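The sequence and the structure are shown first, and selected features are then described in turn.

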Amino acid sequence: MSAASCLLSEDQFLCSICLDVFTDPVSTPCGHNFCKNCINVHWNSNDQYLCPLCKEVFITRPELHINTFISEMVSQFKQEAQQKASSNHKTHDVVPLKEEYEGKKAELGKTEAEIREMIQKRRLKIEEIKHSVDLSEEAADREKAEGVQVFTALKESVERSLNELIETIEEKQRTTEKQAEDFIKELEQEISELKKRSSEVEKLSHSEDHLHLLLNFPSLKAAPPTKDWTEVSVRPPSYEGTVVKAVAQLEETLSKQMKKLFEAELKRVQQYAVDVTLDPDTAHPQLILSDDGKQVYDSDVKKNLPDNPERFSFYIFVLGKQSLSSGRFYFEVQVKEKTDWDLGVARELINRKGNITLGPENGFWTVWSSGNYFVASADPPVRLSLKSRPQKVGVFVDYEEGLVSFYDVDAAALIYSFTGWSFTEKLYPLLGPSFNYGGTNYAPLIISSVNQTA
């Protein structure tokens, strides 16, 4: 390897992101090499997993492993460089003036190369920023198009409901008017008959023909057949509940539309899913964690554990190992069969020893359950009205936006959102299974794998 490495220059061992010699070199599926930390930081700060060199986009985040061959080559190169530098140092005192001059020239060449590297690094950053702007513009266009589509549909739905409401009211009015017209027509017919009989009676009463009067008297004495109108009336139609019913139907339509929106939103945030495992060094002494760090429950027995600064000693809480100081992350926790639980995120520098009020002001963004009582730990606390008891809760954080949202995963419904916060510390997932209450709340909280549906 020594002979082979002599043929290689330093440029061949430089990461194209930090422009320094590889540290823990890894290879992407497209065949390009980067420092492991450099490519992870690059992907954490972008919405897509793409190669910084060839721009190939990966659907899912590639699993990266150290490239042992390149790592060994880099190690050998560094050793030889150190040996060469050491050798040069030993003979420095006897270097002729000409060689010292050439050495200075070489240093200037190195300085020039470093400046070129700085320029290249900034060019890459410019491309990265431009790419972020392009992604933002595409996202904005999609969001605007979706917003126009949704609000157009809602507007049409409202107009349709209003037209149906007006038609219902007018139909009732037309029915009332028709009934009144029929009654009036019948009454006018009877009035005409009565007038005719009245004329005949008056004429007969003035007749001098006694025989004619006697013959026609019986038929004219009896009143003509008419309806008893005493109980007949036209009642105005009842409009009670008409508007309420129309609004209720509109509300049902809006509810269905909202469900579709939340389903789409949930799919979007699920793209930021991270693999969360629990940190046993932070767990309250009563808590039992599974070997894989994915489950936690209360044993009701306080174990004798070191009271390190990271460990909760008052609240029955445990933090995740993974933290967030920029970007977005999402994780899901199964709360099935539990009556009581706490769930959310917390700042790194929270009080882990004493009794404090849970809330954003003290570094906790959580939702908790006690039986059928659900509360968001805001200031003041917010009582939540949920249509159904969640079986799995999704937690989404957008660090730059100061947003923490909770979702009922199965119902694809938003539970609550904390908005408008300014995060300055690392945030950690927080789980609290609460006391087991004699076995009634013994079921564990389980960090679930996220089903990222298409």
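The model described here is predicted.

Phe435 has a relative accessible area of 35%. This residue is therefore classed as partly exposed, since that class lies between the limits of 20% for buried and 50% for exposed. When residues up to four places away in sequence are not counted, Phe435 touches Gln286, Asp298, Ile316 and Asn441. Trp341 lies 94 residues from Phe435 along the chain, and the C-alpha atoms of the two are separated by 8.7 Å.

## The six-stranded sheet

Six strands form an open sheet in the order β7-β16-β9-β10-β11-β12, and their pairing is antiparallel.

Ala346 stands opposite Phe364 in β10.

## The nonpolar cores

In soluble globular proteins, nonpolar side chains tend to be buried together. The largest nonpolar core in this model holds 35 residues, of which Phe331, Val404 and Leu431 touch the most other members. The contacts of Val404, not counting residues up to four places away in sequence, include Val345, Trp365, Tyr416 and Phe423.

A second, separate core contains 19 residues, among them Phe13, Cys15, Val21 and Cys35.

Key:
Residues are numbered from 1 along each chain as its sequence is written. This is a predicted model: local features need pLDDT of at least 70, side-chain atom pairs count only at pLDDT 80 or more; totals for chains, interfaces and linings use all residues. Side-chain values use heavy atoms; hydrogens and water are left out. Two strands pair if DSSP finds at least two bridges between them. Helices (H or I, at least four residues) and strands (E, at least two) are DSSP runs, numbered from the N terminus. A nonpolar core is a set of buried Ala, Val, Leu, Ile, Met, Phe, Trp, Tyr and Cys residues joined through side-chain atoms within 4.5 Å. Buried means under 20% relative accessible area, exposed over 50%, partly exposed in between (1.4 Å probe, protein chains only). Contact means heavy atoms within 4.5 Å.
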